[in-house]
Amino acid sequence: MTDDQTLKGRRNALKCMAYGGAGTLFALAGGVLTPVDLAVAADTKNAATAFGKPLFVQLSDTHIGFAKDANPDVNGTLTSAIELINGMSQQPALIIHTGDITHLSTPEQFDLAGQMFSRLRATELHTTPGEHDVADATVSEYFSRFGKASANKGYYSFDHSGVHFVSLINVLSFKAGALATLGAEQLAWVTADLKARSSSTPIVIFAHMPLWTIYEPWGWGTGDADQLLQQLRRFGSVTVLNGHIHQIVQKVEGNMTFHTARSTAYPQPAAGTAAGPGPLKVPTEQLAGMLGITSVSVVKHPRSLALSDATL
Amino acid sequence: MIRKINRSLPAALSVVALMLVSAAAPAAPPETARIAIKDFMFAPMELTTHVGAVVTWVNQDDEPHTIVSATGLFRSGALDTDMSYTFTFDKPGTYRVFCSIHPQMTATIIVE
């Protein structure tokens, strides 16, 4: 390969990664969901239809209200993500938000987020709360706005285009010092819900915290998720979507694909590389240098990544 | 002997007087304690105090935290950087608290 070819391939790879903070499109082809980077899908040269039917876009961890150094303009980065989605030639049927809509669960932050989401051309928005959305003392702000779909329980299911979607909540059932859980009541409900589906039905399960243990010391997992995963093994196509960790981690296990989404707000350190899973400040000049090295470093800062892309 | 008694008498009287003064004075301010939240940890992680103690948690992280009693006795809202939450412990006991955003963060308050 010539230097020029190497550079070109590298530029394209960087371009894909650079926009990764915006969201991920899941295309449906033959009952199998394929995650496609949103920027690639939105690019007219890569018509989204080439990947299958654009079914939904996953947005995550918008953290409206966050204004610290890691990203002082989370409204701006969410707006960019919304513009990217709205610019897709074929609109996705659904938008799925996998939680941490707001940073501090205040009414103002929820209202602002709602106003921004209302600008999406795709109007069917499904949500599951993150722990930042249920951090108000009364745990009521999220449910008063988004609780209707689940009758305020936080978990519900629906069907679209032959795909069965299950929205779960794993940010309320906490015990001190332990991983979050789904809880017995929700597990009983999802067991009954899945029992009614044929094994050939494509299943999409989404919740905020990872439904597989990525890093227990930081709470990146769900303590009783195994009881759920056992029931999913008989299905031919299962996609498990989570947010929370502000970086892409993927795993394929049999017919199950696990995918955690990037945040539109700010990056977090890779598991175990900092005192805790807080916002990761990345100097812009350092970021540009990190972009070209590994895929881990490109997840650091969506806002600056967009700037880096302009120089490419 | 007599001299000795005479000498100790004023001292004994002054002790009584001191007790009377302290009883008449307004109640002493309640005991206070401060627990910092830094680097996803409570500091101190264990605090021993007394009935009536006013405990204040202050978040020094860039990340919000909450103070939640493991038994559901109290629950703060989200505390952003430099925000604080205060709870008064009226009864003796061992109280376990954690952060509902990062439940790996735990602390124990022992009220005697």
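How many residues of chain A are in contact with chain B, and how many of chain B with chain A? In this structure, 22 residues of chain A are in contact with 21 residues of chain B, where contact means that C-beta atoms, placed from the backbone, lie within 7 Å. The side of chain A that touches chain B divides into 11 nonpolar, 7 polar and 4 charged residues. Here Ala, Val, Leu, Ile, Met, Phe, Trp, Tyr, Cys and Pro count as nonpolar, Asp, Glu, Lys and Arg as charged, and the others, Gly among them, as polar.

Please note that this is a predicted model, in which local features need pLDDT of at least 70 and side-chain atom pairs count only at pLDDT 80 or more, while totals for chains, interfaces and linings use all residues. Residues are numbered from 1 along each chain as its sequence is written, and chains are lettered from A and ligands numbered from 1 in the order in which they are written.

Let me turn to chain A. Helix α3 of chain A, residues 74-86, has 13 residues and reaches 18 Å from its first C-alpha to its last, close to the 18 Å expected at 1.5 Å a residue; the expected span is 1.5 Å times one less than the number of residues. Helices (H or I, at least four residues) and strands (E, at least two) are DSSP runs, numbered from the N terminus. Buried residues of α3(A) include A:Leu78, A:Ala81 and A:Ile85; a residue is buried if 20 or more other C-beta atoms lie within 10 Å of its own.

The largest nonpolar core has 73 residues, and α3(A) gives the most to this core, with 6 residues. Such a core is a set of buried Ala, Val, Leu, Ile, Met, Phe, Trp, Tyr and Cys residues joined through C-beta atoms within 7 Å. A:Leu168 and A:Ala207 are among the residues with the most contacts inside the core. Beyond its neighbours within four places in sequence, A:Ala207 is in contact with residues including A:Leu168 and A:Thr128.

Strands β4 (94-97) and β5 (124-127) of chain A run parallel, joined by 4 bridges; A:Leu94 has A:Glu124 as its bridge partner.

Finally, chain B has 1 helix and 8 strands. Of its 112 residues, 25% count as buried. An open sheet of 4 strands in chain B has the order β3-β8-β7-β5, with mixed pairing; two strands pair if DSSP finds at least two bridges between them. Strands β7 and β8 of chain B run antiparallel, joined by 6 bridges.

Conventions:
Buried ≥ 20, exposed ≤ 12 C-beta atoms within 10 Å, placed from the backbone. Contact = placed C-beta atoms within 7 Å.
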